[in-house]
Amino acid sequence: MLVSEKITYRYKKNKRTILNSVDYSLEEGQFSAVMGESGSGKSTFLAIMAGILKPVEGTVRYNDVDLYELTDKELSKIHRNSICYVPQSNIMLKNITVLENIVNPYIEADPEADLKKKAISLLEKLGIGNLAGNYPYELSGGELKRASIVRAALMGPKVIIADEPTTGLDKETGNRILSFLSEYAKEGNSVLVATHDEHIEKYADKIIRLERK
Amino acid sequence: MIKSKIRSILSGVKSRIFYSTCLVITTAVLSFMLFSGSIIKSSLNKGMDNMDRRLGSDIMLVPKGSREEAENLLLEGQRGTFYFDGSVDDKVKDIEGISEVTSQCFLKSLSADCCSSEVELVFYDPDTDFVVGPWIETNYKNSLKKDDVIVGSDIVTENGTIKLFGKDYEVVSQMAKTGTALDSSVYFSSESMASVIADAEEKNSFLTEEQKDGDILSSVFINLNAGYNEDDVIRECHEKAGDVFDVVYPKQLNESLSDNLLRITDIVGAVILIGGVLLFGILVLINSVIIESRKQEVALLRVLGNSKGKMAAMLISETGIVSLFGSLVGCLLGALIVIPFGRYIGMSLSMPYLGPDFIGSTLQIIFIMAIVFLVALVSSIVFVFHVTGIEPYLALKKEAE
């Protein structure tokens, strides 16, 4: 479904190679994890797989389409419907509610009422349905992370790529998120996460480890 | 689709309420300055044009000691009750060098007699007139008959008539607004003067003895033939009519006012220009801060499936909508302050002032909103393309660090 071939990435400034000719494949229904110490290139790898950071060498194919050969418009369509990326930080606009933060990026694509209904159902699934009308500054880090995951899952993308979704969270919240992502994968989608969390072994179908170069 | 686009834009505006408010205030101030400045400038110009049209004589003789009142009459249309002998015009009309002479007489009515406020009654001779006629000829081309009147724009008529001292007069024409006391004047032919005074006496209206006498004039307007010296003609007038008048030079008054107007409109223009440039700079600054602070948000929206073009359109639309709103607020505020106080502004500048009509004001508002909208867009466009051009992952990573 999502395949990388010999991807290499090195920083422009210091020329340090962070990923060197990495091959990887993410299959349908698979929950896959990338582990490794800090600086090993987990986040960079995820960004490249998500189609938001062009590798120096190599290709990333989604259903046989090279993501980095697409036009901006074509790639945006893929990001909207097929591959959704959850960044490490919880980026939310503070003057609008959690529900608006989740729905607004897609407001032009679907009727607002349907999107809100779906968002509330997903928030409930992650145990924060009661916080939909709250403002982001009223939520804890774990709650914000769950809201970010709901935002990524809202349009039902075939692939969710989440960068350290459980970092800094308590065990119970971390497990809840991993459980949600695991279930999401089992519904015929795919999930790729970067994590330090050893509990991932309980949920992931496939784990790769990256070494710091 | 359009509805959801507007909703999306408005939610973006709401999510950055502080910056949106800054932008609204800035565009409102800019629009207020542009609107107020341009309205004052055009009203002064219009007032001046009007005055140009009614200052139709080389010299004007007025009763001795009434020069100031007469100048007020010319500048602001404020009528006075000053009189000299009714034969002054006859005495001077044959002096060599004088090409035409006409006279006017002014009375004030009591408000209870006809109108909600005091009105000025102006008697003039349509046969010799060259002052009032050109001013009203677009409205009324026929000669004014006895018991016909022409009224100023502020006079309210009933079924084409006006009641003065208990008698109905047919209103044959209503003049355009001048922005002066002329707007509350009623113009009669000199033939009507005796009967109007008789009616006033019958109604026990207050009249001075000289008014009751009836053979009076308030001013004599004189045009000279080319090549004749004003001082020589005035000397001759003194010889014929005696030392009963002062002289006012309407065209000189007009020229000095034109100079004043030029200075004032230059200052207003300079203030608009400097203010516009300053505020453009402030808009650039605000836009750069707003858009810089939105890098992460833009990056996130990009990874959630919004193309660069769509992001640019969204950011520009937000700036556009906010600046249009701010501009509307500024223009309306300007209209609320400048239009009702227009007369006062004219008086405090000692200039004739003719404010804009509703359509003129509306067109001005639309024009200024369009200008401010364009300025706001131009000031934001560079930053928009800078932000939409960044690598989303790098912007998100910066946030995480």
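**View 1. The salt bridge between Asp72(A) and Arg302(B) in the predicted model**. In this predicted model, Asp72(A) forms a salt bridge with Arg302(B), and the closest N and O atoms of the pair lie 3.2 Å apart. Side chains of opposite charge can pair when their charged atoms come close. A search of the whole structure finds 12 salt bridges over all chains, and the pair shown here crosses between chains, from Asp72(A) in helix H2 (residues 72-81) of chain A to Arg302(B) in helix H11 of chain B. Across the interface of chain B and chain A, the rule finds 1 salt bridge.

**View 2. The interface of chain B and chain A**. Here 30 residues of chain B are in contact with 28 residues of chain A. The size of an interface is often given as the accessible area lost when the parts come together. For chain B and chain A the area buried between them is about 2600 Å², with 58% of it on carbon and sulfur atoms. Val303(B), Leu304(B) and Tyr393(B) supply 26% of the area that chain B buries against chain A, which is more than any other three residues.

**View 3. Polar contacts and the side of chain B that touches chain A**. The rule finds 5 residue pairs in polar contact across the interface of chain B and chain A, with both residues at pLDDT 80 or more. On the side of chain B that touches chain A, at least two residues come from each of helix H1 (2-15), helix H11 (295-303), helix H12 (308-338) and helix H15 (392-400) of chain B. H1(B) gives the most to this side, with 7 residues. By residue class, the side of chain B that touches chain A divides into 10 nonpolar, 9 polar and 11 charged residues.

**View 4. The open sheet of 5 strands in chain A**. The strands follow the order S6-S7-S8-S3-S9 (chain A), and their pairing is parallel. Strand S6 (83-86) and strand S9 (206-209) of chain A stand at the edges, each with a single partner strand, so one side of each is left without a neighbour in the sheet. Neighbouring strands of this sheet are turned by 15° against each other on average, direction ignored. S6(A) pairs with strand S7 (residues 159-163) of chain A in the parallel sense over 4 bridges, and Val86(A) stands opposite Ala162(A) in S7(A).

**View 5. The open sheet of 9 strands in chain B, with helix H9 packed on it**. In chain B the strand order is S6-S7-S5-S8-S4-S3-S10-S1-S11, and the pairing is mixed. S6 and strand S11 (245-248) of chain B are the edge strands, each of which pairs on one side only. On average, neighbouring strands of this sheet are turned by 30° against each other, direction ignored. Strand S3 (residues 98-108) and strand S10 (residues 219-224) of chain B pair in the antiparallel sense over 6 bridges, and the bridge partner of Ile98(B) in S10(B) is Leu224(B). Helix H9 (residues 230-241) of chain B packs on the sheet, touching strand S1 (59-63), S3, S10 and S11 of chain B, and the direction of the helix makes about 160° with that of S11(B).

**View 6. Strand S7 of chain B and its partners S5 and S6**. Strand S5 (residues 148-151) of chain B runs parallel to strand S7 (residues 167-174) of chain B, to which 4 bridges join it; within S7(B), Ser173(B) is the bridge partner of Ile150(B). Strand S6 (residues 161-164) of chain B pairs with S7(B) in the antiparallel sense, over 4 bridges, and Tyr169(B) in S7(B) is the bridge partner of Ile162(B). S6(B) and S7(B) form a hairpin with 2 residues between them, and Phe165(B) in the turn has a positive phi of about 50°.

Technical notes: Residues are numbered from 1 along each chain as its sequence is written. Chains are lettered from A and ligands numbered from 1 in the order in which they are written. This is a predicted model: local features need pLDDT of at least 70, side-chain atom pairs count only at pLDDT 80 or more; totals for chains, interfaces and linings use all residues. Side-chain values use heavy atoms; hydrogens and water are left out. Two strands pair if DSSP finds at least two bridges between them. Axes are lines fitted to C-alpha atoms, for helices over the stretch in contact, and angles run from 0 to 180 degrees between N-to-C directions. Contact means heavy atoms within 4.5 Å. Buried area is the accessible area (1.4 Å probe) that two parts lose on being put together, summed over both. A salt bridge is a side-chain nitrogen of Lys or Arg within 4 Å of a carboxyl oxygen of Asp or Glu. A polar contact is a pair of N or O atoms within 3.5 Å; within protein, one must be able to donate a hydrogen and the other to accept it, and residues adjacent in sequence count only if both atoms are side-chain atoms. Ala, Val, Leu, Ile, Met, Phe, Trp, Tyr, Cys and Pro count as nonpolar, Asp, Glu, Lys and Arg as charged, and the others, Gly among them, as polar.
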